[in-house]
Amino acid sequence: MKNLLLLIVTLSFGSVVFAQKYSTKTGKVTFEASVPLFEDVFAQDDNNIAIINTDNGDFASVSSVKNFHFKVKLMEEHFNESYGESAKYQKTAFKGKIVNFDKTKLTASPQKYTVQGTLNFHGVDKAVSSSAAIYFKDGKIYMQGNFVAKPADFKVTIPKMVTKKVAENVNVEYNYILSK
């Protein structure tokens, strides 16, 4: 029985060891929920962690909610206290797959891919599909993409007094340079 368990553990870790993984700890994720005639609602996280398994196209990323910084500190404070509730929901994460990903077909010219998976924000999981440009240069994988999220889908309540100042659709963009 011990030998069988040892064999299973060895085989499981063996596939992990040989997988080609590229990662970053300095990925950039931004979101914008601005509306005309009001102050920009824009935040950026420059410490997003992301990883791609180039053997199968699996992709994941995670941000600390407190890492999203705004130009206006009061806006950042309100985001962390009321909207993102960063004390309760400390992380936001995405886990999914780059559809039809094949590292051997990457070139120095960006190619369009679809990234599908689940975004967890504010304690809510939501299916997300994103368009991404991916290319390979100087031994690194470059990945840029975007998608739209709705605060209501993640049970984020916008107070009535500011609903006209915050867009219903939040534009999310990401930019990664991933290394082995």
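Student: Is Leu 37 buried or exposed?

Tutor: In this predicted model, Leu 37 is exposed, with a relative accessible area of 86%. The cut-off for exposed is over 50%.

Student: Where is Leu 37 placed?

Tutor: Leu 37 sits in the loop between E1 and strand E2 (42-53).

Student: How far apart are Leu 37 and Lys 165 in sequence and in space?

Tutor: They are 128 residues apart in sequence and 8.5 Å apart in space, C-alpha to C-alpha.

Student: And Glu 39, which loop does that lie in?

Tutor: Glu 39 is also a residue of the loop between E1 and E2. Glu 39 counts as partly exposed, because its relative accessibility is 49%. Its contacts, leaving out residues up to four places away in sequence, are Val 72 and Met 75.

Student: Now the loop between E8 and E9. Is Ala 167 there buried or exposed?

Tutor: Ala 167 is in that loop, and at 14% relative accessibility it counts as buried. The cut-off for buried is under 20%.

Student: What does Ala 167 touch?

Tutor: Ala 33, Ser 34, Val 35 and Pro 151, not counting residues up to four places away in sequence. For Val 35, the C-alpha atom is 5.7 Å from that of Ala 167, although the two are 132 residues apart along the chain.

Student: Where does Asn 169 lie, and what does it touch?

Tutor: Asn 169 lies in the loop between E8 and E9. Setting aside residues up to four places away in sequence, Asn 169 touches Glu 32, Val 148, Ala 149 and Lys 150. The C-alpha atoms of Asn 169 and Ala 149 are separated by 5.8 Å, and the two residues are 20 apart along the chain. Asn 169 is partly exposed, at a relative accessible area of 35%.

Student: Which residue in that loop has a positive phi although it is not a glycine?

Tutor: Lys 155, which belongs to the loop between E8 and E9, has a positive phi of about 55°. Lys 155 is exposed, with a relative accessible area of 64%. Asn 100 also has a positive phi of about 55° without being a glycine. Asn 100 is in the loop between E5 and E6 and is exposed, at 71% relative accessible area.

Student: Stepping back, how many helices and strands are there?

Tutor: There are 2 helices and 9 strands. From the N terminus, the order is α-β-β-β-β-α-β-β-β-β-β.

Student: What share of the residues is buried?

Tutor: Buried residues are 37% of the 180 in the protein. Among contacts with a separation of 6 or more, 60% join residues 24 or more positions apart.

Student: Which residues touch the most other members in the largest nonpolar core?

Tutor: Of its 42 residues, those are Phe 59, Ile 98, Ile 134 and Met 143. E1, E2, H2, E5, E6, E7, E8 and E9 each supply at least two residues of this core, and E9 gives the most, with 5. As background, nonpolar side chains tend to be buried together in soluble globular proteins.

Student: What does Phe 59 touch?

Tutor: Beyond residues up to four places away in sequence, its contacts include Ile 98, Val 115, Met 143 and Tyr 176. Phe 94 and Ala 50 are also among them.

Student: New topic: how much space lies in the largest pocket?

Tutor: About 1,000 Å³. The pocket is lined by 44 residues, and those closest to its centre are Phe 31, Val 41, Phe 70, Phe 79 and Val 170. Elements that give two or more residues to the lining include strand E1 (21-32), strand E3 (58-64) and helix H2 (73-83).

Student: Which element gives the most to that lining?

Tutor: H2, with 6 residues.

Student: And what is the lining like by class?

Tutor: The lining has 33 nonpolar, 8 polar and 3 charged residues.

Conventions
Residues are numbered from 1 along each chain as its sequence is written. This is a predicted model: local features need pLDDT of at least 70, side-chain atom pairs count only at pLDDT 80 or more; totals for chains, interfaces and linings use all residues. Side-chain values use heavy atoms; hydrogens and water are left out. On a 1 Å grid over the protein atoms alone, a cavity is a set of points where a 1.4 Å probe fits but cannot get out, and a pocket is an open set with protein on both sides within 12 Å along at least five of seven lines; lining residues have an atom within 4 Å of a point. Grid points are joined across faces, edges and corners, and a volume is the space filled by probe spheres set on the points. Helices (H or I, at least four residues) and strands (E, at least two) are DSSP runs, numbered from the N terminus. Ala, Val, Leu, Ile, Met, Phe, Trp, Tyr, Cys and Pro count as nonpolar, Asp, Glu, Lys and Arg as charged, and the others, Gly among them, as polar. Buried means under 20% relative accessible area, exposed over 50%, partly exposed in between (1.4 Å probe, protein chains only). Contact means heavy atoms within 4.5 Å. A nonpolar core is a set of buried Ala, Val, Leu, Ile, Met, Phe, Trp, Tyr and Cys residues joined through side-chain atoms within 4.5 Å.
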